[in-house]
Amino acid sequence: MKPKDFIKTLQRKVAFTAVGPSALRGQGKGVLRASQDFLAQMSLARVPKASAKKFQHWLDRQTELLLNSLPIKNRPWGAARKAINLFLRDALYNKYLSEQFKLQSIEFWLEVPLDSVVAKGLRLKSNRGELPLWPGLKNLEANVSEVFQAFASKQANLKEFARVHLDMYLWLDNR
């Protein structure tokens, strides 16, 4: 039998391990801790599972909420989105969280967490001009992220798995 607060405690641990210091290095004072705290409190029970469109809207809203909770003036959209994507990926990979919140149903809607290593790996697989220059995590905006995510979807489809899993392959190949 699990303690009453097991799932809540497990979510907090996943939030802190999925988004470690190297994930948000250089994003600003307090960004790491604020992101981890936000993710630890995120309601995984409210993740939309009815459609990709509803999930995307929810993901965009969570990104805005996280940005609003950061203790800095600039709004590093790329850092916020990466933190959420890392957390959701690791929550999917965690047996207990995935089962509790039925995260398998959103696996193919999850984004690959973008950073310079993943962007480099995607660029190496792209044709000239197919992807924009990587602006850096601090300067990444939604429109550029969408282009990388669309290309990541094509690459993942070729391998017959969800794009969220590309992170593992690209990270290992390009470190």
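Predicted model: local features only at pLDDT ≥ 70, side-chain atom pairs only at ≥ 80, totals over all residues.
A pocket, here, is an open set of grid points where a 1.4 Å probe fits, with protein on both sides within 12 Å along at least five of seven lines, and its lining residues have an atom within 4 Å of a point.

Start with the second largest pocket. Its lining is made up of Q56, D60, E64, W77, R81, E111, A142, S145, E146, Q149, A150 and R163. Which helix gives the largest share of that lining? That's α7, with five residues. The helices that each supply at least two lining residues here are α3 (52–69), α4 and α7 (142–159).

Now for the largest pocket. It has 20 lining residues, and the closest to its centre are S22, A23, K82, D115 and W171. This time α4 provides the largest share of the lining, four residues. At least two lining residues each come from α1 (6–18), α4 (77–93), α6 (116–125) and α8 (166–173). So where does α4 turn up? It supplies at least two lining residues to the largest pocket, and at least two to the second largest pocket as well.

| Pocket | Space | Lining residues by type |
|---|---|---|
| Largest pocket | About 440 Å³ | 10 nonpolar, five polar, five charged |
| Second largest pocket | About 170 Å³ | three nonpolar, three polar, six charged |

Notes. Residues numbered from 1 in each chain as written. Heavy atoms only, no water. 1 Å grid on protein atoms, 1.4 Å probe; cavity = no way out; pocket = protein on both sides within 12 Å on 5 of 7 lines; lining within 4 Å. Points joined across faces, edges and corners; volume = space filled by probe spheres on them. Nonpolar A, V, L, I, M, F, W, Y, C, P; charged D, E, K, R; others polar.
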